[in-house]
Amino acid sequence: MNSPYPATSAARDAWILARRPERNAVSHDAAYGAFIELEPDAAGVVRTVATVLLSSRECPYRCLMCDLWKNTTGASVASGAVVRQISAALGTPPLAAAGATTIKLYNSGSFFDSGAVPPDDYGAIAALLAPFDNAIVECHPTLVGPQAPRLAAMMRGSLEVAMGLEVADDALLGALNKRLTLAMYARAAAFLGAAGIAHRAFVLVQPPFVRPEAAAELAVRTASFAFEHGASAVSLIPVRPGNGALEELMSSGDFSRPDLATLERTHEAALALTGGRVFADTWDLGQFSACASCFTRRAGRMHEMNLTQRALPRVACAACGNNP
Ligand code: SF4
Ligand SMILES: [Zn+2]
C-alpha cells in the first residue's frame, strides 16, 4: 500500500467517509430506478427480469469500493414505503406489462437489514411478488438470518439472495473494509442452503490493492469459492471509481480501473469452471474500453455470453491489436 490508508476498521470507516462526494437526492416515496433485462435461469431458460432499485436507508457498512450509498435516504424509510415503491414501479413503464417472471429488489444495502426494509412489510411485499416465479434480494452475508426463510415462506415463487463475496482472500476482505471473512460467507451460504434458498455471489474484478496482472486469477478463484459454497450464479463486477476513496487510491497507485480485456478473460475463465451461471456486469462498460473501434462488438459479445452462458470467439481489432 502506498497511500495513507488506515490500518484499523474504525479509522478506515472515517477515511472512506471523508472522501465521499455528495449523495443524490432520493425520495422515500419512489424507487430510484427500474429496468428490464434478460437473464438465463438455473435451467438455462432466458427469463425477463424486472429490477427495482429501492430507495432506503444507507447500508451500515463502509466498504472501500462501494458507491451504492449515493442513492440512499438519510433516514430509515417508514413502514409501507418500500411496499409503495414496489407497487408503483410494477405499475409503471418499463416494468408494467413487460411480462417479467423474475424480479430483483436491490436496495443499495441489505434487504434483511431491518433499518432498510421494515420486516413488518414482508407480507405486503410477498403479495406484490406473487406474479413472479423468482425474486432476488441482496444482503451482506452477516445480515443473512431467520428473516430470509421468513420472507421465503410468505412467497408464492422462490427467493434467492445475492451476497457480496467480493474476493476469496481474508486479508484483502479486511483491507476492503468489508467486515467479512470467508468463514462468515460460508456460514451464510450454508444457512441459506439448509433453508432451501438459492444464492448468488458478487465478485469484484480488480479491486484496490490487486495488480492488474493478478486480477483475473483472483476473480476466478473467488467465483470458484462461491460455486464450492453452493452459489448458483456469480456476477462479475469490474470495480469503478466514483466514490472519492477510489480516486485517491488511483493517485497513490493502489487502484487502477480494470480494462475490458481483464473482464473478458475473467468472464471466459469463470464460465469454464462450469460451477454455475456467470454474469459479467455490463453497466457503464464503456469506461473500461480504450478503443472505439471494437467496443460495441466486445460489449455485444459479453451480452451474448451472459445470455447463452457460452464463451464466444474473441473480437479481433486491428485498431487496438486486441486478439491479434
Ligand atoms: S455491504 Fe454492500 S452496500 Fe454495504 S457498504 Fe458494502 S458493498 Fe456497499
Ligand atoms: Zn479495438
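**Exercise 1: helix 6**

Solution. Helices here are DSSP runs of H or I with at least four residues, and strands are runs of E with at least two, numbered from the N terminus.

The model is predicted: local features need pLDDT of at least 70, side-chain atom pairs count only at pLDDT 80 or more, and totals for chains, interfaces and linings use all residues. Residues are numbered from 1 along each chain as its sequence is written, while chains are lettered from A and ligands numbered from 1 in the order in which they are written.

Which residues of helix 6 are buried, and what do they pack against?

Solution. Step one: Y185, A188, A189 and L192 are buried (20 or more other C-beta atoms within 10 Å of their own, C-beta atoms being placed from the backbone; exposed means 12 or fewer). Step two: these buried residues fall within an arc of 100° seen down the helix axis (directions from axis to C-beta atoms), so they line one face of helix 6. Step three: they pack against helix 4 (147–154), strand 5 (158–166) and strand 6 (198–205), with contact meaning C-beta atoms within 7 Å.

**Exercise 2: helix 10**

Solution. R298, M302 and N306 are buried. Their arc is 80°, so they line one face of helix 10. On the other side, T296 and E304 are exposed.

How values were computed:
Two residues are in contact if their C-beta atoms, placed from the backbone, lie within 7 Å.
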